[in-house]
Amino acid sequence: MLELALNHTWAPGSNRGLYNSGMLKTLLLLVSISLFAQDAPKPEQKKGPPQPPKNLKVLQPAEVRLVMRGYATALGGQCTLCHVQGDMASDENPHKEIARKMIVMTKEINAKFPDGKEHVTCFTCHRGAHTPATAPPPAEKKE
Ligand code: HEC
Ligand code: HEC
């Protein structure tokens, strides 16, 4: 595309040359913008590697990244269901302490299975809801 524009610009005695030289400048500008954009560091890279967790009471540091997205999905919420926005180490959101108790409870339940496998997860009870249902939904009415 750039080569095409060059050919037209320098075609002798062509009026379209003027128009195209404007277009060439625009093209060059676009190309340099995109090159610049590629060179610019991404915002996450600027912040450096993620900070190690500083307020863990039940999880291992290596577990955190793996389980958090799953918690949010299992309970049908965002990170802010349990966290204060922007400060994951804070315990200000009361749901976080409830979640700690739930993590311990879930580990205890799994420890009682004879095969030692993880059979029960947050999703087993929560199924995408903040509060798990204790009874099935009322039977659908038949028309
Ligand atoms: C159901 C509640 C819940 C949800 C939803 C949740 N978290 Fe957490 N998160 C916790 C609990 C509880 C801890 C503390 C675990 C402990 O004490 O060992 C924690 C700890 C963390 C930490 C470590 C903070 C520190 O410095 O100690 C990070 C980082 C984190 N969560 C990120 C996330 C992200 C990102 C999401 C969304 C994808 C998320 N969490 C969703 C409950 C939750
Ligand atoms: C054995 C079933 C069961 C499992 C497993 C379970 N929960 Fe729960 N959870 C419940 C019940 C029942 C409630 C509601 C209790 C209440 O209202 O007092 C609840 C409530 C919560 C709440 C409070 C929600 C609110 O809106 O107040 C959080 C947070 C939570 N669970 C997190 C978790 C996490 C994280 C896990 C997995 C580590 C988990 N739960 C595993 C049964 C379970």
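**View 1. The shell around ligand 1, by residue class.** Sorted by class, this shell holds 15 nonpolar, four polar and five charged residues. Here Ala, Val, Leu, Ile, Met, Phe, Trp, Tyr, Cys and Pro count as nonpolar, Asp, Glu, Lys and Arg as charged, and the others, Gly among them, as polar. You are looking at a predicted model, in which local features need pLDDT of at least 70 and side-chain atom pairs count only at pLDDT 80 or more, while totals for chains, interfaces and linings use all residues. Residues are numbered from 1 along each chain as its sequence is written, and chains are lettered from A and ligands numbered from 1 in the order in which they are written.

**View 2. Who surrounds ligand 1.** Ligand 1 has 24 residues around it, the closest being L59, M68, C79, C82 and A89 (a residue is near a molecule if its C-beta atom, placed from the backbone, lies within 6 Å of it). Helix α4 (61-74) gives the most, with five residues, and α5 also supplies at least two. Helices are DSSP runs (H or I, at least four residues), numbered from the N terminus.

**View 3. The shell around ligand 2.** Among the 17 residues surrounding ligand 2, the closest are A99, M102, C122, C125 and H130. The largest share, six residues, comes from α5, and α6 (122-126) supplies at least two. By class there are 11 nonpolar, six polar and no charged residues.

**View 4. A close-up of H95.** H95 sits in helix α5. Beyond its neighbours within four places in sequence, H95 is in contact with L81 and C82 (C-beta atoms, placed from the backbone, within 7 Å). H83, 12 residues away in sequence, lies 7.8 Å from H95, C-alpha to C-alpha.

How values were computed:
Contact = placed C-beta atoms within 7 Å.
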